[in-house]
Amino acid sequence: MSIRDLPRPELAPVKIGAKEEIQGMSPRRAVHLVLAAALLASPFISPAVAEVKEVRIAKQYGIGYLPLMIMEHDKLLEKHVKAEGLSDTTVSWATFTGSAAMNDALLSGNLDFAAVGPPGIALLWSKTKGTPQEVKGLTSLTSMALFLNTRDPNVKSIKDLTGKNKIGLPAAKVSTMAIVLQMAVEKEYGPSNYDKLDYLTITRAHPDAMVALLSGKGEIDTHFTWPPFQFRELRTPGIHTILNSFEVTGGPATTVGMATPGRFRNANPKTTKAFIAALSEANEIIRKNPKHAAEVYLKVAKDSDTVENIIAMLEPDQFTITPTKMMLFAEFMHKVGTLKSKPDSWKDLFYPEIHHLPGS
């Protein structure tokens, strides 16, 4: 009789290795237990662990999520999980209007990968480190510049903003736009006044804030946003930019990254590896075939703009999996009390899969 032919032993009531538990058993029962214990302890034999059959991914609105849109349209993740030997994996995509709901979905296990800004990654790390609910960054997604646009002719810089101005952004006080605004205010008014303009901010999805700004009506007359919305706003006479995020961060900085729960990453190493490979391929497609990338954006985003306009908005080198200036955000947030724990390095915020990259 081979090992495969042996009946499955009932292990629950027996303490393997305790001599007194084995005494009095039938020889056949004792042999089964010893074989089972040997199989479990063997370093050469491990049970096959199936990875997930469905991968759930979330993004928001804007060209910054273009790599994910290409992954969705071209089925790149399906391609790469198959290359890892996983078959029949389905991918579900969702689009959120803001980061708060996505963060909750990650923490509750209802999402596997989500596009989250640097502040969100830092907050998730600080909140969950050392717990079974651990969430960290997996990769960067993009480092596109953010524009603070206004229709108020009297506002030439953030120093001119007053109580009559209202700023639309994705999530007040915690979104990338909100933190960059605080950084800019700190530079103008000093560390103790970093939140001086927070009372002007209103949480709005980028499409809604753009409509409000361009309507000329309503309370939102200023919008902290990114492509394509910032460029469309600037096509309208009277709309002008008063702040570019790169002026605040000293050049390109990660605007959005990808986060995933530790329990998912640990249980699904092949799927996680496939995700990084698929994202990297999407970035390469943007660099080599911007026309296809623009066409995919228009189709997936259900956008009515032209291919030429979208191509003009693309800066392919800013689509990268390498995190940039994550510590700038983390250190600022810790200094002002938004972030409870400060990481020692950007690597604390991300899983080891990308620690070999020149992040910051």
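Two strands are counted as paired if DSSP finds at least two bridges between them. The views below are taken from a predicted model.

**View A. Strand β5 pairs with β8 and with β9.** Strand β5 spans residues 147-150, and both of its faces are covered. Phe147 and Asn149 lie on one side of β5, Leu148 and Thr150 on the other, and all are buried. Strand β8 (residues 222-225) runs antiparallel to β5, and 4 bridges join the two. Within this pairing, the bridge partner of Asn149 in β8 is His223. Strand β9 (residues 240-244) is also antiparallel to β5 and is joined to it by 4 bridges. In β9, Asn244 stands opposite Phe147.

**View B. An open sheet is formed by 5 strands.** The strand order is β2-β1-β3-β10-β4, with mixed pairing. The edge strands, each pairing on one side only, are β2 (90-95) and β4 (135-142). From one strand to the next, the twist averages 25 degrees. Strand β10 (residues 256-261) pairs with β4 in the antiparallel sense, over 6 bridges. Pro261 in β10 stands opposite Val135.

**View C. Helices α3 and α12 lie against the strands of the sheet.** Helix α3 (residues 66-74) lies across β1 (54-59), β2, β3 (113-116), β4 and β10. The direction of α3 is at about 145 degrees to β1. Helix α12 (residues 269-288) packs on the sheet and touches β1, β3, β4 and β10. Between the directions of α12 and β4 the angle is about 15 degrees.

**View D. Helix α13 packs through its buried residues against α3, α12 and α14.** The buried residues of α13 are Ala293, Ala294, Val296, Tyr297 and Leu298. Their packing partner α14 spans residues 307-313. After α13 comes Lys302, which has a positive phi, near 55 degrees.

**View E. The second largest pocket holds about 270 Å³ of space.** Its lining has 15 residues, of which Tyr61, Tyr297, Val300, Ala301 and Lys302 are closest to the centre. Helices α8 (206-215), α9 and α13 (290-300) each supply at least two of the lining residues of this pocket. By class, the lining of the second largest pocket has 8 nonpolar, 3 polar and 4 charged residues.

**View F. Arg232 is a buried residue in helix α9.** Helix α9 covers residues 229-234. The relative accessible area of Arg232 is 15%; Arg232 is classed as buried because this value is under the 20% cut-off. Leaving aside residues up to four places away in sequence, Arg232 touches Met210, Asp303, Asp305 and Ile310.

**View G. The largest cavity has a volume of about 180 Å³.** The model has 3 cavities of 30 Å³ or more. Of the 18 residues lining the largest cavity, Gln60, Tyr65, Gly117, Ser175 and Thr176 lie nearest its centre. Strand β3 and helices α6 (118-128) and α7 (176-189) each give at least two residues to the lining of the largest cavity. This lining divides into 10 nonpolar and 8 polar residues, with no charged residue.

**View H. The second largest cavity holds about 50 Å³ of space.** The residues lining the second largest cavity are Met144, Leu146, Thr176, Val180, Ser245, Phe246, Thr249, Ala253, Thr254, Thr255 and Phe329. Helices α7 and α10 (245-249) are the elements that give two or more residues to this lining. The largest share of the lining, 3 residues, comes from α10. By class, the residues of the lining of the second largest cavity are 6 nonpolar, 5 polar and no charged.

**View I. Phe350 lies in the segment after α15.** Helix α15 spans residues 326-336. Phe350 is buried, because its relative accessible area, 0%, is under the 20% cut-off. Phe350 touches Ile121, Lys136, Gly137, Leu138, Thr139, Ser140, Pro323, Met326 and His355, with residues up to four places away in sequence left out. Between Phe350 and Pro323 the separation is 27 residues in sequence and 8.9 Å in space, C-alpha to C-alpha.

Terms used
Residues numbered from 1 in each chain as written. Predicted model: local features only at pLDDT ≥ 70, side-chain atom pairs only at ≥ 80, totals over all residues. Heavy atoms only, no water. Buried < 20%, exposed > 50% of the residue type's maximum accessible area, 1.4 Å probe, protein only. Contact = heavy atoms within 4.5 Å. 1 Å grid on protein atoms, 1.4 Å probe; cavity = no way out; pocket = protein on both sides within 12 Å on 5 of 7 lines; lining within 4 Å. Points joined across faces, edges and corners; volume = space filled by probe spheres on them. Nonpolar A, V, L, I, M, F, W, Y, C, P; charged D, E, K, R; others polar. Axes fitted to C-alpha atoms, helices over the stretch in contact; angles between N-to-C directions.
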